[in-house]
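Let's take a walk through this fold, one piece at a time. Have the sequence handy as we go.

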Amino acid sequence: MTRPTAAANNAIMDGSDYGRATTAQPALSEAHEPRLEPPFILIEPLRRTAPLIFTSPHSGRRYPAELLAQTRVGLLSLRRSEDAYVDELFASAAAHGAAVLSASVARVYVDLNRDPAELDPDMFEEGLPRTTATARVQAGLGAIPPH
């Protein structure tokens, strides 16, 4: 087996040999532009033997500096929104033939478990092409939470 490779943020789910890890492609790939870190990690088993994908969309622990600079609460308060370490609980699934998909970015920055159109239009100065007004959006639980 091969050891999982780390993404640009060196976010390996754990040090064991579970399979190969892949991530979302960074949006910017030019050498002169800053490299964006992927919002999720996908660990695929070396041989798929289970028809399952274990997901952990709310266990991301990366808090971008711009978020921390704008927030009015401390990091401990922000971390309360995490499903802390669920990704680590699922990590061994790849050793048993199932894929593991987990968030690397914090849920309070972007909720990867939401429809991209679940946005509060009041958070944006310009009009949005399409929004989905759901009860989650009205409760502040859209794709991008209000800060």
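Let's start with a charged pair: E82 and R79 form a salt bridge, with their closest N and O atoms 2.7 Å apart. (A salt bridge here is a side-chain nitrogen of Lys or Arg within 4 Å of a carboxyl oxygen of Asp or Glu.) E82 is buried, at 8% relative accessible area, while R79 is partly exposed at 30%. For those words, buried is under 20% relative accessible area, exposed is over 50%, and partly exposed is in between, with a 1.4 Å probe and protein chains only.

Before going on, a word on what you're looking at. This is a predicted model, where local features need pLDDT of at least 70 and side-chain atom pairs count only at pLDDT 80 or more, while totals for chains, interfaces and linings use all residues. Residues are numbered from 1 along each chain as its sequence is written, and side-chain values use heavy atoms, with hydrogens and water left out.

The structure holds six salt bridges. Another of them joins R61 to E88, with 3.5 Å between the closest N and O atoms. R61 sits in the loop between strand 3 and helix 1 (65–70) and E88 in helix 3, so this bridge ties together parts that are 27 residues apart in sequence. R61 is partly exposed at 30%, and E88 is partly exposed too, at 38%. Then there's D111 with R107, whose closest N and O atoms are 3.6 Å apart. D111 is buried at 5% relative accessibility, whereas R107 is partly exposed at 21%. Salt bridges with shared partners also join R61, D87 and E88 into one network.

Now step back to the whole chain. It has four helices and four strands, which run β-β-β-α-α-α-β-α from the N terminus on. (Both are DSSP runs numbered from the N terminus: helices are H or I, at least four residues, and strands are E, at least two.) Of the 147 residues, 31% count as buried.

What does the largest nonpolar core consist of? Seven residues make it up: I41, I43, A50, A93, A94, A98 and V100. (Such a core is a set of buried Ala, Val, Leu, Ile, Met, Phe, Trp, Tyr and Cys residues joined through side-chain atoms within 4.5 Å.) Another core, of five residues, lies apart from it and includes Y63, L67, L78 and V108.

Next, the aromatics. The structure holds one aromatic pair. The ring centres of F54 and F90 are 5.3 Å apart and the planes are at 50°, so the pair counts as tilted. (Rings of Phe, Tyr and Trp, its six-membered ring, pair if their centres lie within 6.5 Å; planes under 30 degrees apart are stacked, over 60 edge-to-face, and the rest tilted.) The pair links distant parts of the chain, with F54 in strand 3 (residues 53–56) and F90 in helix 3 (residues 86–90), 36 residues apart. F54 is partly exposed, at 29%, and F90 counts as partly exposed at 27%.

One last stop, at E37, in the loop between strand 1 (20–23) and strand 2 (40–44). E37 is partly exposed, with a relative accessible area of 36%. E37 and V105 are 68 residues apart in sequence, but their C-alpha atoms are 8.7 Å apart in space.
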